[in-house]
Amino acid sequence: MAIITLTTDFGEKDHFAGAIKGAIYTEMPEVRIVDISHSVSPFNIPEAAYIIQNAYSSFPKGSIHIIGIDSEINEENKHIAMKLDDHYFVCANNGIMSMICAEIAPEKIVEINIHDKLPTSFPVLDVFVKVACHIARGGTLEVIGKKISDIKPIKNIIPFVNDEQTQIIGNVIYVDNYGNVVSNIKKKFFEDIQKGRPFEVSARNYKFKTIYTKYSDVVDFSLPEDKRFDEGRGLVVFNSSNYLEIAVYKSNSSTVGSASTLMGLEMRDTITVNFLNG
């Protein structure tokens with residue numbers, strides 16, 4: 001049974017997500033639909049790219065992923081379907097796939113060209129659903145598009161490294177539900193530049209010289225519980241997706257605060273790593 005996932009910035013209030021599901025079930029009543037997220041910030045391509053990159057591989061091979069972010073078609077924003085890592089992706093060619101493609105080469109990409117056969121004022125509903133169901137029935141990509149070799153990149157997806165290899169300058173690409181801020185600095189990238197040297201991670205006026213394995217590593221469990229004051233303490237980890245993340249232990253924006261609220265960190269803000277004695 002085919003699986004079709006949905007990742008959009010439509011939210012839960014409006015009819016859009018429900019209408020898409022209804023259209024899929026009308027085409028294929030037996031399909032399974034899974035919501036990855038409908039809470040992507042409006043038109044936030046890096047945020048959507050981070051979410052889909054870290055979700056898709058948990059699904060079975062052959063799954064089809066509809067990504068409805070900034071999908072209105074125009075001369076600079078075409079639609080594509082892609083086979084990558086034995087999964088299928090249907091989305092706009094707006095950079096949203098470049099984060100995944102930076103690590104895994106696509107097997108096939110087509111620019112969708114069936115728009116003249118469909119009345120379309122809502123491309124995710126009118127076009128993406130048709131394409132996803134075509135793939136789910138075993139249809140080939142060549143039937144719904146012409147083969148292309150390149151896709152649009154996301155700007156600043158790769159952190160900057162200076163010529164002396166003593167500094168990485170990254171950016172915040174995602175703020176999670178807890179207010180933790182995720183940079184575009186991946187663990188392997190960091191370690192390849194670090195080469196074992198001590199370092200200092202800085203963001204605004206905050207500096208950190210340790211990267212923890214997990215959030216609770218910041219706690220001194222040898223102290224009695226009433227002597228610990230770790231809630232609200234800032235820390236740096238490589239998160240479960242191996243991205244460098246600045247967090248607050250047991251963060252809660254309405255109580256102890258979060259990395260985003262306490263440190264004033266937002267999307268695209270700079271996170272710098274300086275390597276010492278380099």
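Q: Two strands pair if DSSP finds at least two bridges between them; over how many bridges do β11 and strand β12 pair?

A: Strands of a sheet pair through backbone hydrogen bonds, either parallel or antiparallel. In this structure, β11 (residues 199-203) and β12 (residues 206-208) pair in the antiparallel sense over three bridges, and A203 has Y206 as its bridge partner in β12. This is a predicted model, in which local features need pLDDT of at least 70 and side-chain atom pairs count only at pLDDT 80 or more, while totals for chains, interfaces and linings use all residues. Residues are numbered from 1 along each chain as its sequence is written, and side-chain values use heavy atoms, with hydrogens and water left out. Strands (E, at least two residues) and helices (H or I, at least four) are DSSP runs numbered from the N terminus.

Q: Are the faces of β11 covered or uncovered?

A: In a regular strand the side chains alternate between the two faces of the sheet. Both faces of β11 are covered, with F199, V201 and A203 buried on one side and E200 and S202 buried on the other; buried means under 20% relative accessible area, exposed over 50%, and partly exposed in between, for a 1.4 Å probe and protein chains only. Strand β13 (residues 234-238) is also mostly covered, with four of its five residues buried.

Q: Which strand do five bridges join to β13?

A: Five bridges join β13 to β14 (residues 243-248), and the two strands run antiparallel, with L235 opposite A247 of β14.

Q: Which residues take a positive phi?

A: Most residues other than glycine have a negative phi, and most peptide bonds are trans. In the hairpin of β13 and β14, where four residues lie between the strands, N242 takes a positive phi near 70°, and in the hairpin of β11 and β12, with two residues between the strands, R204 takes a positive phi near 50°. F43, although not a glycine, has a positive phi of about 60°; F43 is found in the loop between β2 (32-37) and α2 (45-55) and is exposed, with a relative accessible area of 60%.

Q: What is the strand order in the open sheet of seven strands?

A: The order is β2-β1-β3-β5-β4-β6-β7, and the pairing is mixed. β2 and β7 (145-147) stand at the edges with a single partner strand each, so one side of each is left without a neighbour in the sheet. Within this sheet, β3 (residues 64-68) and β5 (residues 87-92) pair in the parallel sense over three bridges, and I66 stands opposite V90 of β5.

Q: At roughly what angle do the axes of helix α1 and helix α4 cross?

A: Axes are lines fitted to C-alpha atoms, for helices over the stretch in contact, and angles run from 0 to 180 degrees between N-to-C directions. The axes of α1 (residues 16-27) and α4 (residues 123-136) come within 10 Å and cross at roughly 40°. The contact (heavy atoms within 4.5 Å) is made by A19, I20, A23, I24 and E27 of α1 and V124, L125, V129, K130 and C133 of α4.

Terms used: Pairing = 2+ DSSP bridges.
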